[in-house]
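Visitor: I should like to understand on what grounds the features of this model receive their names. Please set each value against its criterion.

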Amino acid sequence: MNTLTVLIMSLLVGFNLPDKIDFGKRESASDWRVINDGVMGGLSQGQVAFTSNSVRFYGTVSLANNGGFASFRSPFTKIDLSPFKSISFRLRNTGIRCAFTLEIDRRFWMPNFKHQIVTQTEDWEIIELPLAEFKRYRLGRASGGSLPDQVKSEIIRMGWITDEKKEGPFSLEVDYIQFNR
């Protein structure tokens, strides 16, 4: 079965979410993509590099020309998080703070859910984010509310986004995403 056939089948029947996505295996992130603020005229730069056991998302955020973010996101597909209570990552983050996002609509102006990732050092850490603590955002601004249980089955894309409206370099390296029941 070729990649296009697998993608079409996953869109038709939904993505069978494993309990863990291992970014040390390139195929885990081969369909993920970088989306920078250039989609809205900004000048931020984000890119991805694979290491032997992780994926590194890095670049520079620029506020010029109404910019201010870079992101690394999964493809659009059905992602049912209803069986899970939290998401864990093994990661390290330097520079600008990042957040993990969950989207329920393809239109960028519609609300999404986000959880800031606060790291204590530049060393590898395991961070756990309870799904109940994801907050509703619209166009980068908190809009009140959290991720309702009934919406956990409606996720269509997930990923990381720089989460500070400031200029500068960033580097987020991720070993895995673990979905916890």
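Guide: The model is predicted, and its mean pLDDT is 87, with 90% of the residues reaching 70 or more.

Visitor: What makes residues 1–15 a stretch to be read with caution?

Guide: The scale of pLDDT runs from 0 to 100, and over residues 1–15 the value is below 50. Beyond near neighbours in sequence, this stretch has 12 contacts in the model. Where pLDDT is low, the predicted coordinates should not be read in detail.

Visitor: How do you know that β6 and β9 pair?

Guide: Pairing requires at least two bridges between two strands. Strand β6 (residues 86–95) and strand β9 (residues 125–130) are joined by six bridges, so they pair by this criterion. Their directions are antiparallel, and serine 88 stands opposite glutamate 128 of β9.

Visitor: What makes β13 a partner of β6?

Guide: The criterion is again at least two bridges. Between β6 and strand β13 (residues 168–180) there are 10 bridges, in the antiparallel sense, and therefore the two count as paired. Within this pairing, asparagine 93 has leucine 172 in β13 as its bridge partner.

Visitor: Why are β2 and β11 called edge strands of the seven-stranded sheet?

Guide: The sheet is open, pairs in the antiparallel sense and has the order β2-β5-β12-β7-β8-β10-β11. Strands β2 (33–36) and β11 (141–146) each have a single partner strand, so one side of each is left without a neighbour in the sheet. From one strand to the next, the twist averages 35 degrees.

Visitor: How do you know that β7 and β8 pair within that sheet?

Guide: Strand β7 (residues 98–103) is joined to strand β8 (residues 112–117) by six bridges, where at least two are needed, so the pair qualifies. The two strands run antiparallel, with phenylalanine 100 opposite histidine 115 in β8.

Visitor: What makes a residue part of the lining of the largest pocket, and which residues lie nearest its centre?

Guide: A lining residue has an atom within 4 Å of a pocket point. For the largest pocket, with a volume of about 920 Å³, 32 residues form the lining, and Met40, Phe69, Leu139, Gly140 and Ile161 lie nearest the centre. Strands β2, β7, β8, β10 (135–138) and β12 (157–162) each supply at least two lining residues; the largest share, three residues, comes from β12. The lining divides into 11 nonpolar, seven polar and 14 charged residues.

Note on methods:
Residues numbered from 1 in each chain as written. Predicted model: local features only at pLDDT ≥ 70, side-chain atom pairs only at ≥ 80, totals over all residues. Heavy atoms only, no water. Helix = DSSP H or I, 4+ residues; strand = E, 2+ residues; numbered from the N terminus. pLDDT = per-residue confidence, 0-100. Contact = heavy atoms within 4.5 Å. Axes fitted to C-alpha atoms, helices over the stretch in contact; angles between N-to-C directions. 1 Å grid on protein atoms, 1.4 Å probe; cavity = no way out; pocket = protein on both sides within 12 Å on 5 of 7 lines; lining within 4 Å. Points joined across faces, edges and corners; volume = space filled by probe spheres on them. Nonpolar A, V, L, I, M, F, W, Y, C, P; charged D, E, K, R; others polar.
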